Amino acid sequence: MSARLPIANVPALFRHVADPASGTDWGYMHAQPANHDAPYSPCFSEHLLDDMKRVQERIRRELASDSDPRAGIRHFVLASDADVFNLGGDLALFSRMIRSGNRQRLLEYACLCIEVAFNLYRLHEDRVHSIAVIQGDALGGGFEAALCCHTIIAEAGTGMGFPEVLFDLFPGMGAYTFLTRRVTPVQAERMMLNARVYPVEELLRMGVVDQVVPRGYGLQAASELIKRNQRMGNALRAMNTVRQACRPVSLDELLSVTTEWVDAAMRLNDRGLKTMERLVRAQQRRAGAIVPALALA
């Protein structure tokens with residue numbers, strides 16, 4: 001695939017805070033400089049994905065340089081600086097690439113999403129336990145990113161769901177692979193195709209979310225979990241290995257599914273694309289409403 005030109009002199013959209021004392025890397029999506037006043041859609045833009053991948057690769061290099069076989073578990077926390085976790089894929093990019101027939105460019109984007117998703121699940125062999133902290137709605141690719149993490153902590157009153165079927169597509173960046181690790185395949189397919197935004201309290205009962213905490217308590221809950229996990233770091237490392245042995249997730253599997261997603265996207269008709277473009281405008285004027293609840297007829 002052709003290489004994209006790097007973005008120069010642009011502030012990072014992924015804020016990384018390393019805490020060596022606890023062996024934790026905190027990552028905050030949608031970070032913006034204080035003087036940034038341009039409209040910003042809290043979705044998975046290529047800029048954000050590139051920033052996330054760079055941080056992940058830096059952490060992987062650090063872990064690879066530590067050859068101590070008795071090294072404990074590390075943690076990677078995925079959170080957000082915006083009022084939502086993530087609204088999903090870059091629909092504006094999707095629309096442009098589909099309308100121009102640029103399948104290769106859309107595939108490059110999808111493959112970048114998969115690399116970042118796979119790293120959330122398996123950053124470096126058995127060494128990392130990932131935690132998603134949901135402090136605002138997680139839709140589409142945002143929901144998928146959370147599912148890639150080993151533990152999902154959600155604040156009360158937030159919602160998670162897949163709106164892709166509204167424009168006649170399916171969530172193709174890990175949804176089926178990771179959701180079927182938490183619910184049955186039948187339930188996973190239903191969730192992927194009904195466009196419903198599920199309250200996290202319901203997802204907790206279903207086993208999709210691991211913990212629901214009061215609003216404003218998500219990051220503290222993650223810190224408390226990390227402290228508890230430090231007492232069983234060896235067990236967590238072993239469980240990472242057991243999970244991969246018994247229900248393996250491979251990069252090839254994820255890439256195969258996302259390639260089918262690209263092909264399905266390229267088949268979208270004008271009606272689907274117009275709906276997608278209405279969702280783009282809804283993302284841009286985000287004001288606390290859940291996107292799929294907007295009038296899209």
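This is a predicted model: local features need pLDDT of at least 70, side-chain atom pairs count only at pLDDT 80 or more; totals for chains, interfaces and linings use all residues.
**How the two helices cross**
- Helix α3 covers residues 103–121 and helix α10 covers residues 251–266.
- Their axes come within 9 Å and cross at roughly 145°.
- As for handedness, the α3 and α10 crossing is right-handed.

**Strand β6 and its neighbours**
- Strand β6 takes in residues 151–155, and five of its five residues are buried, so the strand is largely enclosed by the rest of the structure.
- Thr-151, Ile-153 and Glu-155 point one way from β6, while Ile-152 and Ala-154 point the other way, and all are buried.
- One partner is strand β4 (residues 128–134), which pairs with β6 in the parallel sense over four bridges.
- Within that pairing, Val-133 has Ile-153 of β6 as its bridge partner.
- Another partner is strand β9 (residues 211–213), joined to β6 by three bridges and also running parallel to it.
- Here Glu-155 stands opposite Val-213 of β9.

**His-129, a residue of β4**
- His-129 sits in strand β4, the strand that pairs with β6.
- Its relative accessibility is 6%, which is under the 20% cut-off, so His-129 counts as buried.
- Leaving out residues up to four places away in sequence, His-129 touches Ile-73, Arg-74, His-75, Phe-76, His-150, Thr-151, Asn-229 and Leu-236.
- One of those contacts, Thr-151, is also among the buried residues of β6.

**Glu-46, a residue of α1**
- Glu-46 belongs to helix α1, which spans residues 46–64.
- With 12% relative accessibility, Glu-46 counts as buried, because the cut-off for that label is under 20%.
- Glu-46 and Leu-112 are 66 residues apart in sequence, yet their C-alpha atoms are 8.0 Å apart in space.

Definitions and conventions
Residues are numbered from 1 along each chain as its sequence is written. Side-chain values use heavy atoms; hydrogens and water are left out. Buried means under 20% relative accessible area, exposed over 50%, partly exposed in between (1.4 Å probe, protein chains only). Two strands pair if DSSP finds at least two bridges between them. Axes are lines fitted to C-alpha atoms, for helices over the stretch in contact, and angles run from 0 to 180 degrees between N-to-C directions. A crossing is left-handed if the near helix is turned anticlockwise from the far one by less than a right angle, and right-handed if clockwise. Contact means heavy atoms within 4.5 Å.
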